[in-house]
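Visitor: Please show me the structure, and then let us discuss the terms used to describe it.

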Amino acid sequence: MYKCIKCNGSGVVPFLHIENGKCFDCNGSGKVEKVNSSISASLKRIEALKSSLIQLESKHTQLEKEYMEFFNYLVELSNSQRVSKELTRKQNTLAINLQNVEKTIENHKQGIENELKLIEL
Ligand SMILES: [Zn+2]
């Protein structure tokens with residue numbers, strides 16, 4: 001049994017002036033034994049949608065996989081940027097330390113020259 005499409009299972013149609021609106025497709029029962037053309041068309045659409053759904057689910061799985069791969073890639077990239085920032089900070093610290101030591105060396109060399117000038121004849 002199928003729901004009568006014409007009366008949407010109610011057994012009545014809006015034409016109340018004809019036999020109080022009794023649906024002739026289902027004889028007022030709201031149900032039909034055989035598949036009529038509109039049910040057949042509906043079943044075809046359901047089949048088409050089911051078939052499309054399988055393809056979409058496959059595509060969804062693929063997209064989800066790509067999304068996760070890209071997400072992981074971004075996480076990896078952000079981690080490496082963090083590493084990169086850390087390295088840059090370390091490099092700057094080393095450069096400042098190096099400059100400070102170089103300045104101190106220059107000061108010491110100057111101090112030695114000054115001392116030598118004092119004692120040299
Ligand atoms: Zn009907």
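**Terms and values**

Guide: Contacts between residues 24 or more positions apart make up 32% of the contacts in the protein with a separation of 6 or more, two residues being in contact if their C-beta atoms, placed from the backbone, lie within 7 Å. This is a predicted model, in which local features need pLDDT of at least 70 and side-chain atom pairs count only at pLDDT 80 or more, while totals for chains, interfaces and linings use all residues. Residues are numbered from 1 along each chain as its sequence is written.

Visitor: Why does Gly-21 count as partly exposed?

Guide: Gly-21 has 15 C-beta neighbours inside 10 Å. A residue is buried if 20 or more other C-beta atoms, placed from the backbone, lie within 10 Å of its own, exposed if 12 or fewer, and partly exposed in between. Gly-21 is therefore partly exposed.

Visitor: Where is Gly-21 placed, and which residues is Gly-21 in contact with, leaving aside its neighbours within four places in sequence?

Guide: Gly-21 belongs to the loop between β1 (2-3) and β2 (31-32); strands are DSSP runs of E with at least two residues, and helices runs of H or I with at least four, numbered from the N terminus. Apart from neighbours within four places in sequence, its contacts are Val-12, Val-13, Pro-14, Phe-15 and Leu-16. The C-alpha atoms of Gly-21 and Gly-11 are separated by 8.4 Å.

Visitor: What makes up the largest nonpolar core?

Guide: Five residues form the largest nonpolar core: Cys-4, Cys-7, Cys-23, Cys-26 and Val-32. Such a core is a set of buried Ala, Val, Leu, Ile, Met, Phe, Trp, Tyr and Cys residues joined through C-beta atoms within 7 Å. Cys-26 is in contact with Cys-4, Cys-7, Gly-11, Lys-31 and Val-32, its neighbours within four places in sequence left aside. Of the 121 residues of the protein, 4% count as buried.

Visitor: How does the radius of gyration of the protein stand against that of a compact globule of 121 residues?

Guide: The protein has 43 Å, whereas a compact globule of 121 residues would have a value near 14 Å. The radius is taken over C-alpha atoms, and the globule rule is 2.2 Å times the number of residues to the power 0.38. Along its principal axes, the C-alpha trace spans about 140 × 30 × 15 Å.
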